[in-house]
Amino acid sequence: QVQLVESGGGLVQAGGSLRLSCAASGSFFSIAVLGWYRQAPGKERELVADITRGGSTNYADSVKGRFTISRDNAKNTVYLQMNGLKPEDTAVYYCNAAIVPGIGFTIRYYWGQGTQVTVSS
């Protein structure tokens, strides 16, 4: 069983910063991709950023230049540094992991429980 535990959400004023963390635990071979998604009320869940095991990153246009994703492979942890926060960044942020259970096994996807980020104007 794989678990993803997120932390770091909260309330911040516009222009402020927050850092989200997500740690994966359990039995698996490796983590191929780690990512952050968000879902605002009444909207669909959307990709914020993701990062491969080798460090290649991908960002939503709306967060480029403000958010930075990073990972620590030794700790099975992904981070999202969010700077220059805007009210439209308010959402529940979810961690996602593409897990390789074992050599030759199909990748499985797991979600964290979500952490609320609220940006006041």
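A charge is said to sit over a ring when NZ of Lys or CZ of Arg lies within 6 Å of the ring centre and within 35 degrees of the ring normal. In this predicted model, arginine 19 meets that description: its charged end sits over the ring of tyrosine 79, at 4.1 Å from the ring centre. A second case involves arginine 45, whose charged end sits over the ring of tyrosine 94, 3.7 Å from the centre.

## The four-stranded sheet

Four strands make up an open sheet in the order E1-E3-E8-E7, and their pairing is antiparallel. Strand E1 (2–7) and E7 form the edges, each pairing on one side only. From one strand to the next, the twist averages 15°.

Within this sheet, E3 and E8 run antiparallel and are joined by six bridges. Cysteine 22 stands opposite valine 78 of E8. Serine 21 belongs to strand E3, which covers residues 18–26. Because its relative accessibility is 18%, below the 20% limit, serine 21 counts as buried. Beyond its neighbours within four places in sequence, serine 21 is in contact with Val5, Glu6, Ser7, Trp36, Val78 and Tyr79.

Strand E4 (residues 30–39) and strand E5 (residues 46–52) run antiparallel, with six bridges between them. In this pairing, tyrosine 37 stands opposite leucine 47 in E5. The two strands form a hairpin with six residues between them, and glycine 42 in the turn has a positive phi of about 80°.

E5 also pairs with strand E6 (residues 57–59), in the antiparallel sense and over three bridges. Here isoleucine 51 has threonine 57 in E6 as its bridge partner. Four residues separate the strands of this hairpin, in which glycine 55 takes a positive phi near 100°.

## Salt bridges

The whole structure contains four salt bridges. Three of them are listed below.

| Arginine 38 | Glutamate 46 | 2.7 Å |

Arginine 66 lies in the loop between E6 and strand E7 (67–72), while aspartate 89 lies in the loop between strand E8 (77–82) and strand E9 (91–100), so the pair ties together parts that are 23 residues apart in sequence. Both partners are buried: arginine 66 has a relative accessible area of 14%, and aspartate 89 has one of 0%.

In the bridge between arginine 38 and glutamate 46, the arginine is buried, with a relative accessible area of 6%. Glutamate 46, at 36% relative accessibility, counts as partly exposed.

Which residues are linked in a network of salt bridges? The network comprises Arg38, Glu46, Arg66 and Asp89.

## Aromatic pairs

Two aromatic pairs are present in the structure. In one, the rings of tyrosine 37 and tryptophan 111 have centres 5.0 Å apart and planes at 70°; the pair is therefore edge-to-face, as that angle is over 60 degrees. This pair links distant parts of the chain, with tyrosine 37 in strand E4 and tryptophan 111 in strand E10 (residues 108–111), 74 residues apart. Tyrosine 37 is partly exposed at 23% relative accessibility, and tryptophan 111 is likewise partly exposed, at 40%.

Tryptophan 111 also forms an edge-to-face pair with tyrosine 94, with 6.4 Å from centre to centre and 90° between the planes. Tyrosine 94 in strand E9 and tryptophan 111 in strand E10 are 17 residues apart, and their pair likewise links distant parts of the chain. With a relative accessibility of 16%, tyrosine 94 counts as buried.

Together, the ring pairs link Tyr37, Tyr94 and Trp111 into a cluster.

Note on methods: Residues are numbered from 1 along each chain as its sequence is written. This is a predicted model: local features need pLDDT of at least 70, side-chain atom pairs count only at pLDDT 80 or more; totals for chains, interfaces and linings use all residues. Side-chain values use heavy atoms; hydrogens and water are left out. Buried means under 20% relative accessible area, exposed over 50%, partly exposed in between (1.4 Å probe, protein chains only). Contact means heavy atoms within 4.5 Å. Two strands pair if DSSP finds at least two bridges between them. A salt bridge is a side-chain nitrogen of Lys or Arg within 4 Å of a carboxyl oxygen of Asp or Glu. Axes are lines fitted to C-alpha atoms, for helices over the stretch in contact, and angles run from 0 to 180 degrees between N-to-C directions. Rings of Phe, Tyr and Trp (its six-membered ring) pair if their centres lie within 6.5 Å; planes under 30 degrees apart count as stacked, over 60 as edge-to-face and the rest as tilted.
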